[in-house]
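Good morning, colleagues. Please take a moment to look at the sequence and the model before I go through the side chains.

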Amino acid sequence: MTAISSCTWSGVFPAATTQFDRSLEVDLRATQDVHTSLAREGVHGMVLLGTVGENNSLDAQEKRAVLKAAVQAVGGKIPLIAGVSEFTTASAVAYARDAERIGLDGLMVLPAMVYVATPAELEQHFRSVAAATALPIMLYNNPPAYRVNIDLETLKRLSDVPNIVALKESAPDPRRFTDVINAMGERFVLFAGLDDVVLEGLLLGARGWVSGLTNAFPAESLAFHSAVCAGNLERARRIYRWFMPLLHLDAEHDLVQSIKLAEQIMGRGSERVRPPRLPLGGKRRAEVTAMVELARDTRPA
C-alpha cells in the first residue's frame, strides 16, 4: 500500500480549453494556438478535454480530432493527458484505446457521466478502462460536480491496478489530501484539482496542480507553484491572495464560461462555448470582467 508510484507527472497542468468558431464548430487551429501558447509559457503538462475543455459538448469524432491536433502541436514537448468523460464503460474503453493510438501520454478518467455509481460500479468502471490501455491513468475525484466520491476503500482496492498512478483531488475539503496519504502512503501521486484550495493541497502533499485559471494567467500560476516548491511561502501567499478572487471561479457552475471569458480578456482565446452553456451576460459578466481586469492590472511582479 505504501509503494511509491512510478508516475513522474508534477507541476502545473492547465485544463486546456477547446476553441470554437463563430458557428460553434470546433476550431482546431485556434485550439492548437491555445496549446502551443501554454507550452511556450512553460507549463509542465496539459489536460485535454476535461471539464474546462467541454468534453461532453463534443461528439466522438470531434474529441479524437482535438487529441490529434494537440499531439501534432505540442506532442513530445510536455505530457498530454486526455480526459475520459463518457456515459458508459464501453465508450470510455473505446476512447481510452483511441487516445493511446493517437499518441496521448496519459488519461484522466472520470466516473461514468450522469449515472451515480455505487462504489462497486465505480471500481469496475475504472478497472475496465485501465485494462484497455497501457497508458498511465489519473483518477478524477470531484464529488460536488459529479455526485460520486472515490472513497478511501475504493482507492485501496484499486491500488493493485499498476497503471492507475495518480489522483486529481477536487473535493473542497483540503483534509482529504492528508486522509489519502495516511491511507495510501505514496501509492498515488496527488494533484490539486480545485483552484482555490491549491496552496493547501500543495503544502499537504500534492505534487501537481490541474488548473483552470492557468489558461488566462500562466506566468503567475507558474510563479506561484515555483514559490511553493522553493519554500518561499511569503511570495506564494502574496500571489495566492492576489489570485484568489479568480481562483474562486473554478468552484462555480459557470467555471467554463468564466475561464473562457478571462482567456478572451487576456488575449488568449475566445469566450465562445457550446449550448447548453451560454457566454456570461448581464451582472455576472460584468462581475467576472471586473475581476479579471483588476487581476490583469495588479499582477504581482
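Are K63 and E86 buried or exposed? Both K63 and E86 are buried, where buried means under 20% relative accessible area, exposed over 50%, and partly exposed in between, with a 1.4 Å probe and protein chains only.

A word on conventions. This is a predicted model, in which local features need pLDDT of at least 70 and side-chain atom pairs count only at pLDDT 80 or more, while totals for chains, interfaces and linings use all residues. Residues are numbered from 1 along each chain as its sequence is written, and side-chain values use heavy atoms, with hydrogens and water left out.

Let me continue with the salt bridges. A salt bridge here is a side-chain nitrogen of Lys or Arg within 4 Å of a carboxyl oxygen of Asp or Glu, and the whole structure contains 16 salt bridges. One of them joins K63 to E86, with 2.8 Å between the closest N and O atoms. K63 sits in helix α2 and E86 in the loop between β3 (80-84) and α3 (89-102), so this pair links distant parts of the chain, 23 residues apart; helices (H or I, at least four residues) and strands (E, at least two) are DSSP runs numbered from the N terminus.

E169 and R176 form another salt bridge, at 2.6 Å between the closest N and O atoms, and both residues are buried. R284 and D254 also meet in a salt bridge, at 2.8 Å from N to O. Because R284 lies in helix α12 (residues 282-297) and D254 in the loop between α10 and α11 (255-265), the pair ties together parts 30 residues apart in sequence. R284 is partly exposed, at 25% relative accessibility, whereas D254 is buried, at 17%. Finally, E123, R127, R157 and D160 are linked in a network of salt bridges.

Now the interior. A nonpolar core is a set of buried Ala, Val, Leu, Ile, Met, Phe, Trp, Tyr and Cys residues joined through side-chain atoms within 4.5 Å. The largest such core has 101 residues, and F217 is among those that touch the most other members. Helix α10 (residues 233-247) gives the most to this core, with eight residues. Leaving out residues up to four places away in sequence, F217 touches several residues, including W242, F243 and L246, contact meaning heavy atoms within 4.5 Å.

How many disulfides are there? The count is zero, a disulfide being a pair of cysteine sulfur atoms within 2.5 Å. For C7, the nearest cysteine sulfur is that of C229, 15 Å away. C7 is buried, at 9% relative accessible area, whereas C229 is exposed, at 57%.
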